[in-house]
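Student: Could you go through this structure with me? I keep meeting terms and I'd like to know what stands behind each one.

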Amino acid sequence: TRLLATGPVVDGVLEGDLVVAGTGDPTINRRHPDRVNALDDWARALKARGVRRIAGRVIGDGGGVERPGWGIGWAWDDLFEGYGAPYTALQFNENEVEVRIGPGRTPGAAAIVALTPAQHDLLVDNRAVTAAEGTRADVSVLRVPGTRFLEVTGQVPLDGDVRTLITAAANPTVVFAAELRAALLRQGIAVDGDAADLDEVQPAPDLRGADVIHVDLSPPLREIADPLLKWSRNIYAESLIVALDATPPSAAADGLSVLRDTLASLGVDQRSYSTRDGSGLSRNDYLSADALI
């Protein structure tokens, strides 16, 4: 992941935008204790270089991975679930949003809804209510893929515990840029502009002459494979398939081609399996016992 400056740094001021360009690192989350504060580490690195203010915006460049980040054959109603979060060039918190739903003050009052991370970019339509004591909790969330509107429905009893649901971020690139902007502010670097997705910035900044002012490396493969297997993380599996394509924008289709060639070199008959994604979330994935053996 690279931090790019679209202008010079003069007397501590970056006279331009700060652009963060990723290639699909999935590890900036709580499963990696040494990576959870990565964005603050980057901010401290910029501060050590003398940057005290960014006169422009913090822009996320998600062009390193082919959009939309959904696999062929994924069910539409998986796309707003946490496990169905899109694989993208910039990933923060596994592109998931935690939705906590608790009771209001009195029965009939609106439930209280809180979302994490703070820069989630979702617009909440809260239709959940507080039910009488002793009733059953029943809450759910729904978001139409491609929109930002998260509908929260159901009920939580007045004496009930807070319920936690996980949903997918609507635009992970914006979430990442906004979280980086927040980290810069925490570390004492002023930012004049907002966070934005490069695809939505008009006119887009010219990156051909941008200076690379910081480079971050992901942990090695062995540290990525560990949570993938232990917690069955779909987004990790998809990110590794994409990483097999060395020509940006990296695409799952080209990564799968590398996978098939590798399996063929190991003697696995390509007629004995069908694979359309890295995680197995696709309804078009099939694996025979012979292929596995």
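Student: Which residues is Trp42 in contact with, leaving aside its neighbours within four places in sequence?
Tutor: Contact means heavy atoms within 4.5 Å. By that rule Trp42 is in contact with Thr1, Leu3, Val20, Ile28, Phe176, Leu180, His214 and Asp216. Before we go on: this is a predicted model, where local features need pLDDT of at least 70 and side-chain atom pairs count only at pLDDT 80 or more, while totals for chains, interfaces and linings use all residues. Residues are numbered from 1 along each chain as its sequence is written, and side-chain values use heavy atoms, with hydrogens and water left out.

Student: What makes a group of residues a nonpolar core?
Tutor: The members must be buried Ala, Val, Leu, Ile, Met, Phe, Trp, Tyr or Cys residues, joined through side-chain atoms within 4.5 Å. Buried means under 20% relative accessible area, exposed means over 50%, and partly exposed is in between (1.4 Å probe, protein chains only). The largest core here has 39 residues, and Leu18, Trp42, Leu180 and Leu184 touch the most other members.

Student: Which elements give two or more residues to this core?
Tutor: They are β1 (2-5), β4 (18-21), α1 (38-48), β7 (96-102), β11, β12 and α2 (172-186). With six residues, α2 gives the most. Those names come from DSSP runs numbered from the N terminus: helices are H or I with at least four residues, strands are E with at least two. Apart from this core lies another of 15 residues, among them Val65, Leu228, Ala237 and Ala252.

Student: Why does Asp78 count as buried?
Tutor: Asp78 has 6% relative accessibility, so it counts as buried, since the cut-off is under 20%. Asp78 sits in the loop between β6 (58-61) and β7. Not counting residues up to four places away in sequence, Asp78 touches Tyr83, Gly84, Leu281 and Arg283.

Student: How do you know that Glu94 and Arg31 meet in a salt bridge?
Tutor: The rule asks for a side-chain nitrogen of Lys or Arg within 4 Å of a carboxyl oxygen of Asp or Glu. For Glu94 and Arg31 the N to O distance is 2.5 Å, and that makes the pair a salt bridge. Glu94 lies in the loop between β6 and β7 and Arg31 in the loop between β4 and α1, so the pair ties together parts that are 63 residues apart in sequence. The rule gives 20 salt bridges in this model. Arg31 and Glu94 also belong to a network of salt bridges with Glu96 and Arg233.

Student: What makes Arg53 and Asp192 a pair that links distant parts of the chain?
Tutor: Arg53 is in strand β5 (residues 53-54) and Asp192 is in the loop between β14 and β15 (195-197), 139 residues apart. Their side chains meet in a salt bridge at 2.8 Å, N to O. Arg53 has 34% relative accessible area and is partly exposed, and Asp192 at 43% counts as partly exposed too.

Student: Why is Arg271 called exposed?
Tutor: Its relative accessible area is 76%, so Arg271 is exposed; the cut-off is over 50%. Arg271 meets Asp269 in a salt bridge (2.8 Å, N to O), and Asp269 counts as partly exposed at 35%.

Student: How do you know that β11 and β12 pair?
Tutor: Two strands pair if DSSP finds at least two bridges between them. Five bridges join β11 (residues 138-142) to β12, and the two run antiparallel. For example, Ser140 stands opposite Thr153 in β12. They form a hairpin with six residues between them, and Gly146 in the turn has a positive phi of about 95°.

Student: Which strand pairs with β12 (residues 149-157) over four bridges?
Tutor: That's β9 (residues 123-126), in the parallel sense, with Asp125 opposite Glu151.

Student: Why do β2 (9-10) and β14 (190-191) stand at the edges?
Tutor: The open sheet has the order β2-β3-β5-β14, with mixed pairing. β2 and β14 each have a single partner strand, so one side of each is left without a neighbour in the sheet.
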